[in-house]
Amino acid sequence: MVPEVDLATFAAAHADGAVVIDVREPYEYVAGHVPGARLVPLARLPHHAGELPAREPVYVMCASGNRSWTAAQFLAGRGIDAKSVIGGTGDVARFARRDQHARIRRTGQGEGGPDPGVSPQKGGPARNPTRAG
């Protein structure tokens, strides 16, 4: 059985410096990814599994949670404490925006700038689908 974690659990682990791998394809990763996530496309995972830590959790991300579950299952079979993040990067971005909106409602101030949950392509413009422009 592959452990799955919700976004709140993942966000707390990520804030504490958890190991995160993104098993999407490179073109998906450059369009936006969780800061600090290492790109390891699912098809390349068998070649890189030995590079992952065996003694600490590895959080596995994809776009929706399907590839991450498959990857976490593969890694667990090799003794790695892999956890699939339910919902994937799309839900992480929505979760981060929801959290930012909650801060705005509580404090009357936002943080501005790019979406804190997903990094835009390095050197590229930050895209925020909630703003026109």
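## Overall architecture

Helices (H or I, at least four residues) and strands (E, at least two) are DSSP runs, numbered from the N terminus. In these terms, the chain has 5 helices and 5 strands, and from the N terminus on its elements follow the order β-α-β-α-β-α-β-α-β-α.

This is a predicted model, in which local features need pLDDT of at least 70, side-chain atom pairs count only at pLDDT 80 or more, and totals for chains, interfaces and linings use all residues. Residues are numbered from 1 along each chain as its sequence is written, and side-chain values use heavy atoms, with hydrogens and water left out.

## Confidence

The predictor's confidence in each residue is given as pLDDT, from 0 to 100. The chain averages a pLDDT of 80, and 71% of the residues score at least 70. Over residues 109-116 the pLDDT is below 50; this stretch has 15 contacts (heavy atoms within 4.5 Å) in the model beyond near neighbours in sequence.

The pLDDT also stays under 50 over residues 119-133, for which the model has 14 contacts beyond four places in sequence. Where pLDDT is low, the predicted coordinates should not be read in detail.

Of the 133 residues in the chain, 38% are buried; buried means under 20% relative accessible area, exposed over 50%, and partly exposed in between (1.4 Å probe, protein chains only). Among contacts between residues at least 6 apart in sequence, 61% join residues at least 24 apart.

## Nonpolar cores

A nonpolar core is a set of buried Ala, Val, Leu, Ile, Met, Phe, Trp, Tyr and Cys residues joined through side-chain atoms within 4.5 Å. The largest one has 15 residues, of which Ile21, Leu45, Leu52, Val60 and Leu75 touch the most other members. Strand S4 (58-61) and helix H4 (66-76) are the elements that give two or more residues to this core, and H4 supplies the largest share, 3 residues.

Leaving aside neighbours within four places in sequence, Val60 is in contact with residues including Ile21, Ala72, Leu75, Lys83 and Val85. A second, separate core of 11 residues includes Val5, Val34, Ala37 and Val85.

## Lys83

Lys83 is found in strand S5 (residues 82-85). This lysine counts as buried because its relative accessible area is 17%. The side chain of Lys83 makes a polar contact with the side chain of Asp81 (3.3 Å). Such a contact is a pair of N or O atoms within 3.5 Å; within protein, one must be able to donate a hydrogen and the other to accept it, and residues adjacent in sequence count only if both atoms are side-chain atoms.

Beyond its neighbours within four places in sequence, Lys83 is in contact with Pro3, Val5, Pro57, Val58, Tyr59, Val60 and Ala72.
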